Amino acid sequence: MRKKTRQIHVGNIAIGGDAPIIVQSMTTTYTRDVESTVAQIHRLQDVGCELVRVAVPEMEDAVVLSEIKKRINIPLVADIHYNPELALEAIRQGIDKVRINPGNLLQGRKSMEKIVLAAKERGVAMRIGVNSGSIDALDKVAQMQRVQVRLRDDGTLERTDPAEARRQEREHLAERMVTRALEYIGWCEELDYHNIDVSLKSSTVLTAIEAYRRFSQRSDYPLHLGITEAGTLVTGAVKSSVGMGILLAEGIGDTIRVSLSAEPEEEIPVAFEILRSLELRNRGVTFVSCPSCGRVEIDVISVANEVEKRLSKVQTPIQVAVMGCVVNGPGESRDADVGLAGGKGKGVIFRKGQVVKTVPEDQFLDAVLKEVASLLPEAEAKVVYPEGGIKDVAGTHRTRDEGMNLPILPRA
């Protein structure tokens, strides 16, 4: 059961309450480069991004925000650190939301109050972002004690930072994060400003989970979930899925970002897959494919990757399966809206549980995408299956007979 939080509005979207969990990202361009920034936001829109944040480190970045905003179709968030004048200019430029870490603002509360009053006057939302790293800088203490070992007189090693001590450190840090967030919220409430959501991010998954849980127990402001500095594509996707997946399964979270050291367009499919896996959003392609094994007689890995790539812009809920052998292939393909069950150099195409036809392996891509397109709205169908069909071939020829005729390597 998802926790009911108060609802705020960011541009034309609602966050919290009974609104769907919103997926967002952040650009990697220099914001003052309007053309590059707008182009990247358009690519994010194409894959389903619903809210986008841009960095505003200098005034040259702030003064172009109105130009960016009028050329995109999703709410625009300005990410501000240190200089309150950048936030005030961003608000004047007409952005939909400002992201502030009050702990690193010059002149602290005084600056925060100026920003709050400006946001309140113009109906601009605010994210109060508290990060574990900035809390440590503010409190002048280390985030976590590192595990240390010492050599005893008897020659054995002793850990000086056991698991229990690490848990206590983690809980202490999480509590400090929550205390700061509630303090900053209090500053806003004293000015009768409530159009707020909150993030409590850490690059340590368990710290983030603890902080979000504690805040959720003590406040009904909506929460933006994220594991900050999560890492590259695989590492970041795993850490984000574990951290946010646990919280979302507990009913915590109203908007999410998967932070990756990758192109921001890579973040959106991961985010939606997390939500689909927990049955919290039903948007885009649910993709099922087998990992391949020694039974498979088609190049299922190449075919699956190519099909998934060509369906990346589809927002209509649909399930597609690409399977490689007779064990699970027919069942999974029959359960999907469109499925391919591969055989020896050929495959059976299923549509809504019914066999449509059998095609040779050089027609897999064309056949699957044609059936998918038949179930999509016209605009998406044209992207997936252009006029004239698909001539490309995905994968290479593979059979067990040919594989088993290869020389067998002698045992070591």
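In this predicted model, Ala 237, Ser 240, Ser 241, Met 244 and Leu 248 of helix H9 meet Val 270, Ile 274 and Leu 275 of helix H10, where contact means heavy atoms within 4.5 Å. The residues of this contact divide into six nonpolar, two polar and no charged, with Ala, Val, Leu, Ile, Met, Phe, Trp, Tyr, Cys and Pro counted as nonpolar, Asp, Glu, Lys and Arg as charged, and the others, Gly among them, as polar. Local features need pLDDT of at least 70 and side-chain atom pairs count only at pLDDT 80 or more, while totals for chains, interfaces and linings use all residues. Residues are numbered from 1 along each chain as its sequence is written, and side-chain values use heavy atoms, with hydrogens and water left out.

**Helix packing**

- The axes of H9 (residues 233-249) and H10 (residues 267-277) come within 10 Å and cross at roughly 35 degrees; axes are lines fitted to C-alpha atoms, for helices over the stretch in contact, and angles run from 0 to 180 degrees between N-to-C directions.
- The crossing of H9 and H10 is right-handed, a term used if the near helix is turned clockwise from the far one by less than a right angle, anticlockwise being left-handed.
- Helices (H or I, at least four residues) and strands (E, at least two) are DSSP runs, numbered from the N terminus.
- Helix H7 (residues 163-190) packs against helix H8 (residues 205-218) at an angle of about 45 degrees, with their axes 8 Å apart, which makes H7 oblique to H8; angles under 35 degrees count as roughly parallel, over 145 as roughly antiparallel, 65 to 115 as roughly perpendicular and the rest as oblique.
- The crossing of H7 and H8 is right-handed, and among the residues making the contact are Arg 170, Glu 171 and Leu 173 of H7 and Glu 210, Arg 214 and Phe 215 of H8.
- By class, the contact of H7 with H8 comprises ten nonpolar, two polar and six charged residues.
- Helix H4 (residues 84-92) and helix H5 (residues 108-122) pack at an angle of about 5 degrees with their axes 9 Å apart, and are therefore roughly parallel to each other.
- The H4 side of that contact consists of Pro 84, Ala 87, Leu 88, Ile 91 and Arg 92, and the H5 side includes Lys 114, Ile 115 and Arg 122; seven of the contact residues are nonpolar, one is polar and three are charged.

**Annotated positions**

- An unreviewed UniProt entry places the feature "binding site" at Cys 290, Cys 293, Cys 325 and Glu 332; UniProt positions are given in the numbering used here, feature names are shortened, and annotations may be inferred rather than shown by experiment.
- Cys 290 lies in the loop between strand S13 (285-289) and helix H11 (300-310), and counts as buried because its relative accessibility is 16%, given that buried means under 20% relative accessible area, exposed over 50% and partly exposed in between (1.4 Å probe, protein chains only).
- Leaving aside residues up to four places away in sequence, Cys 290 touches Val 300, Val 322, Met 323 and Gly 324.
- Glu 332 lies in helix H12 (residues 329-335) and, at 31% relative accessibility, counts as partly exposed.
- With residues up to four places away in sequence again not counted, Glu 332 touches Val 288, Ala 321 and Met 323.
- The feature "domain: IspG C-terminal" is placed by UniProt (unreviewed entry) at residues 287-373, a span that is 32% helix and 31% strand, with its end C-alpha atoms 15 Å apart.

**Val 314**

- Val 314 is found in the loop between H11 and strand S14 (318-323) and is buried, with a relative accessible area of 5%.
- Not counting residues up to four places away in sequence, Val 314 touches Gly 284, Val 285, Leu 376, Glu 380 and Val 384.
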